[in-house]
Amino acid sequence: MFSKSISTSILLVIIIVVVVGATFHVAKAAIGNDHRQQQITNEAVANILSYESGGKASFEVPREHYRPITDCMFVTSESGPFSYISPTDDDNVCGIYFLTDPDRVVEIHFHSFDVPCDHRGLLAVIDGWELNGEIFPSESDHSLSMKERTSEFCGKNRWYRRTFTSSQNAALLQYRIPLRGKGFVVSARYPKNPRPCNVLSVSTTDPFTLRNYGRRINCTLVAVYPGAVRIIALGIGGSSSHGVVHTSETGTLRKCDVRSPRDRVQIGGSHGFDTTKLDVIDSFCGIDSKPDIKELVAYDITAVRLLSSGYYDNSVTVAISPIVDGSLLDSASGL
């Protein structure tokens, strides 16, 4: 990993002021231990919020119009191509955070790069996002190990044709180029994901359905702000993955250990992306078409996690909106 980190706190307050921060490392690179801080600019944050105004459709940008990267931490849902040329000999660690619709993945394609290995230059592609040293999705919720999810390289290749594909709607390109005039050109595509599982929220209004498709897997919807969670529909432990269907409603159940110990929904919060550190506020299961479940999550990260044994085709439909009322936030945090 890049042991050099960029560390800030995350807060997303929609409509009024938006400030997003992030810390990132990347696997295996043995470099210095000093720390630098860099705030994500308003322009970068605006790329996340562009989903609310239809910006999510603008994936195709003519390749002849290269977009220069000037922000150290840059968030985008566009295709590029993007170009970065180091303006100094500083060894800053920076990143391009790719984000797309919940039902899509990210494909990162390098057109060319010139990143001298002998000057400790490095490019690294991560299958997911990183915050304060923690990766989303966490390793416990991903089918691949962190080693398999991280690709590092340096050198010079003007015809590098490898494509890196994420497992979910978020991916990260980190880079350290400590030599003036060196850099890279990269573009992205966002193909459909037929079975989305882990999702980084890109909307403050649209609901999303987490589903395991009969698999033994944990799926998580994450929002990078204190959130008001509303469960719209619940189907846990109903339809068997082997074709047996139970359609009768049970309502929302809290004693899930008795009915199906490994199948449930958790609502909680944390200060990082590691879902094993989630502070669970509520946990439930059952079949309920009109559940009355609403929770306020006063944490930097709001998460709804679907745990599945593989014996059932589980699903939960959920909406997460930001807590914009300060009194509600204080109430949820116990102040």
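1. Asp-91 counts as buried in this predicted model, because its relative accessibility is 17% and the cut-off for burial is under 20% relative accessible area. Its partner in a salt bridge is Arg-120, with the closest N and O atoms 3.0 Å apart. Asp-91 sits in the loop between S5 and strand S6 (94–99), while Arg-120 belongs to the loop between strand S7 (107–115) and strand S8 (122–126), so the pair ties together parts that are 29 residues apart in sequence. Arg-120, at 39% relative accessibility, counts as partly exposed.

2. A further salt bridge joins Arg-211 to Asp-313, with an N to O distance of 2.7 Å. This pair links distant parts of the chain, 102 residues apart, given that Arg-211 is in strand S17 (residues 208–211) and Asp-313 is in the loop between strand S24 (301–307) and strand S25 (315–322). Arg-211 counts as partly exposed at 32% relative accessibility, and Asp-313 likewise counts as partly exposed, at 22%.

3. Glu-78 and Arg-67 also form a salt bridge, in which the closest N and O atoms are 3.1 Å apart. Because Glu-78 lies in the loop between strand S4 (73–76) and strand S5 (82–85) and Arg-67 in strand S3 (residues 67–68), the contact ties together parts that are 11 residues apart in sequence. Arg-67 has a relative accessible area of 22% and is therefore partly exposed.

4. As context for these pairs, a search of the whole structure finds 10 salt bridges, among them the Asp-91 to Arg-120 pair, the Arg-211 to Asp-313 pair and the Glu-78 to Arg-67 pair.

Terms used:
Residues are numbered from 1 along each chain as its sequence is written. This is a predicted model: local features need pLDDT of at least 70, side-chain atom pairs count only at pLDDT 80 or more; totals for chains, interfaces and linings use all residues. Side-chain values use heavy atoms; hydrogens and water are left out. A salt bridge is a side-chain nitrogen of Lys or Arg within 4 Å of a carboxyl oxygen of Asp or Glu. Helices (H or I, at least four residues) and strands (E, at least two) are DSSP runs, numbered from the N terminus. Buried means under 20% relative accessible area, exposed over 50%, partly exposed in between (1.4 Å probe, protein chains only).
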